[in-house]
Structure formats: structure tokens, C-alpha cells
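The following note is meant for a colleague who is meeting this structure for the first time. Please read the numbered points with the sequence and the model in view.

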Amino acid sequence: GAHLLAHNNNCRATDDGERNSDDQDGSIAGASLLFAGTAVGAGMIALPAETINAGYVPSIFGLAVCWLFTYVTSILTLEASWLAFMRNNKEGKSGDGVGFLSTSKMSLGVPGEVITAVFFWFLLTAIVVAYTAEGGKLIAQIANEATDVVNVSPALGSLLFTSFFASIAIDGTSRVDIINRIFVFGLVSTFIGIVASITPFVETANLVDQSDWSRLYPSVISIGILSFGAQNTVPTILQYLNYDPERAEKAILFGSLIPLLLYTIWETVFLGVINPSTLDSTDIEVVNVLGQIGGTTITDLVEIFSICAIGSSMAGASVSLVDFFVDAIGLMPNDEPKLISEQSIQGSRVIAAALALGPPLLISYAFPDVFLTALEEAGLLGGVSLYGLLPALCLLSLRSNDSSSQIESMTGRLGGGNSTLFAILAISAALILPEIAHLLD
């Protein structure tokens, strides 16, 4: 869930890299967990609602396709970052700055950098809108269950939710790291508790009866792409593993298989306990459905699970979005000589937090039920463009330049040469265009 952007994680990755370089260069296990932890999160709450109409078999097939899309595009991102690093090295620049923005600037020029920035902003803002709306509802729900005296509205819940994460994001990555670990621990323990308690109620008939392959696109595919999305950590992983592409590939493989395993278990348990024929509404609330089956203990577990899933995701997404605006403010032309003091750094982070988290708060206030829609649009439009189209375009440019500058090919790069890249561009376009047409309609 922690949608940490690469540059925002770089500070941590470099520290770890330097510490570990004496005995070994970063562990593959640590890098895999960074990838998996970034992917797993609030998407899980949306998965059952988005996949129930397609049914179990089509949904698992759809998730496997989304896993493949994620793995392939992560390897493309890895190669683009690696080539950018090699070229920087060859030109005598330090190997720093192989994040998404700098790689796209190197390969596609300033327009590439601007387009990447716009996609990042769109993807993260859509995600933060979804979490703010759902987080506000959860806080309101729990507060109203805990006390009869105060009535907390979802709007007030969202304001409290945003304020909490804004204060953490202003503080920077180290505080986020601690908060994120607490949420991830809660997420894992409640996940195990829920699965153990609900498994006895799973019926095979529920899994095989409902099967509607036409419902795969857009809902299953878009939430799937979003739920695996951790390509933004690839530059960080490469740096953490001391620019060894083969070890980075292993980390990406294991790191992306962990979410696939968790989602398959989650879908099996969830869709296995619901009789599809009795469902009249498309909007299932995970809490209510499981609560009816397993009683109050399950209701409590699912509430804690939901808070941890949204919390871990929001922790990463909010600090990434704030860092993104800090960078943007830093790039503004400024005539006055820069006096970088603690106050001015803190001040720019406060302004950045207002710019980053203010608009999503207003949108979630205007549209409190925006959670699923925002995640769908983020997955399809933001995720596919940022993680599908851009790495392929960057690589087409970097590969053609590098054949002239005698930089060797990356070991373990995808086969098929440039035709693979064109295929990925075509698949990404095929995923995005119908959705854009539908929105313009």
C-alpha cells in the first residue's frame, strides 16, 4: 500500500546500501518486501466489490493477467533505470537520479518529464481522494460505534484523516516509515485472523456458479493493475541492490508474486462465502458481508484491517504527493538568493502539503462515495499510462541512443527486442482508449 515514489525512497535506500555494502549489497528479501508492501494495501478492500460480478474464475484469471502486466512493465522500468544509470556513469555524472522523472527527462526530454509529472500527479491524487473518502467514513463509523454522545460525520472524519497524514508527510520519510510498519503489522495479523475465521464458511458452489467473462474489463482489470502497482519502487530497488539488474529482477519477481498469492487467498475466502445469486447490490461493503457471516469478532477484525490497509497506503501516497509538490516548488524560478534554513524547508513542506492534500479533501467532501470510482480511474488511466506507456517509450529512445554509444545491453532484459515494446504500447493503448472514450461520452 505505501505508494512511495522512487525519489522519496531514495534517501532510505542509499543509507541501507551504504550500510550493507561491507557484507553484501542490500538483500533480495528486503527489496521484495518493499515492492510487495507498496503493492498490497487499500486495493484489497475494493477487490471483492469490483470482482464479484465477474465471478471467481474470471477474476483470478484477470488478476494473473494484471500480475503479468506489472511484472513485464517493472522489468521495462528496471532496464530504463539501469540504462540511465549506465549512461550517467559513462558521462562521469554520479549515478544518482534514475527515478521516473529524471529517466523520462533523459530519454524524452522536457516534454517527457512534464507528461510523467502530470501522470504521477493524477495517479497519486486519485488514490489520495479514494483513501480520504473511505478513511473519513471508517473514522466516522468507528467513532459513532464507540460513543453515542458525539455524532461524527464522514466529512469531519475525512478532515481528521487528512490532518493526521498531512502532519506526518510534513515531517518526511522517517516518521512515515514507523507509522507504515505499524499499519503493515496490523494488516498482516488481521488478514491472518480473518482468513482463519472465515475459511470454514467457504462453499465451492459459490466459487464456480458465477462466471461472467464480459465483466473483466474495465472493473477487474483496472483494480488489478492498481492493486499490483509498485513499479515506482523499481528505481529504488535497483539502487538498493547496488545496480545489479539480475538481483533486482529476482526481487521484482518475488515481490510481485506475494500480492498475487495474498489476493488469490482473499478472493477465494471472500467470493467463497457469498452466494452470488443473493446479491442485489453492486456496492458490497466488505465489513458488513463478513460481519453477517462471522459475527462481531470478524466485524472488528475487518474494521481494523481496513484502517491498516488504507493507513499504510495513505502514508506512502501522501508523503509521495507532498514530496512531489516540494520538488515542483523547488523547480520554480526564483530571483532571490536561496537561504535554505530549517524554517524555509519546513515552510515549503507545509505549503506543499496544503497543495497536495487540500484538493483531494474537497473532492472527497463533495463526493463521499468516490472510493471505487477514483481507484478504477487511477488504475486504468493513471497506472497504465505511467507504468505501461512511459517505460516503453523511454526504452525505445534509450535503446536507440545506447546502440550508438556502445553501452552493453542489460543482462536478463525482456526478449523480443523493440517488437515487445511496441506490443506493450499497443496493449496499454487498448486498455486506456475505451475508458477515455467512455468518459468523454
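1. Helices are here DSSP runs of H or I with at least four residues, numbered from the N terminus. In that sense S385 belongs to helix α14, which covers residues 371–404. The model under discussion is a predicted one.

2. The overall make-up may be stated briefly. The protein has 15 helices and zero strands. Of its 441 residues, 53% are buried. Among contacts between residues at least 6 apart in sequence, 86% connect residues at least 24 apart.

3. When residues up to four places away in sequence are not counted, S385 touches F119, L380, L390 and I432.

4. Helix α9, formed by residues 216–228, deserves a separate remark. This helix is mostly covered, with 11 of its 13 residues buried. Among the buried residues of α9 are L216 and S219, and the list also includes V220, I221, S222, I223, G224, I225, L226, S227 and F228.

5. The next point concerns aromatic rings. A pair of such rings is described by the distance of the centres and the angle of the planes. The structure contains 14 aromatic pairs. In one of them, the ring centres of F191 and W266 are 5.8 Å apart and the planes stand at 35°, so the pair is tilted. This pair links distant parts of the chain, as F191 lies in helix α7 (residues 173–198) and W266 in helix α11 (residues 245–273), 75 residues apart. F191 has a relative accessibility of 8% and therefore counts as buried; W266, at 1%, also counts as buried.

6. F324 and F325 provide a further pair. Their ring centres are 5.8 Å apart and their planes are at 90°, so this pair is edge-to-face. F324 counts as buried because its relative accessibility is 12%, and F325 counts as buried at 14%. Elsewhere, F161, F164, F165 and F183 form one aromatic cluster.

7. The crossing in which α7 passes α11 is left-handed. On the α7 side the contact is made by F191, I194, V195 and I198, and on the α11 side by L262, I265, W266, V269 and V273. By class, the residues of this contact divide into nine nonpolar, no polar and no charged.

8. The last point is A353, which is placed in helix α13 (residues 342–366). Is A353 buried or exposed? With a relative accessible area of 6%, A353 is buried. Leaving aside neighbours within four places in sequence, A353 is in contact with I170, V322 and G358. The C-alpha atoms of A353 and V326 are separated by 8.5 Å, and these two residues are 27 residues apart along the chain.

Methods
Residues numbered from 1 in each chain as written. Predicted model: local features only at pLDDT ≥ 70, side-chain atom pairs only at ≥ 80, totals over all residues. Heavy atoms only, no water. Helix = DSSP H or I, 4+ residues; strand = E, 2+ residues; numbered from the N terminus. Contact = heavy atoms within 4.5 Å. Buried < 20%, exposed > 50% of the residue type's maximum accessible area, 1.4 Å probe, protein only. Phe/Tyr/Trp six-rings, centres within 6.5 Å; stacked < 30°, edge-to-face > 60°. Left-handed = near helix turned anticlockwise from the far one by under 90°. Nonpolar A, V, L, I, M, F, W, Y, C, P; charged D, E, K, R; others polar.
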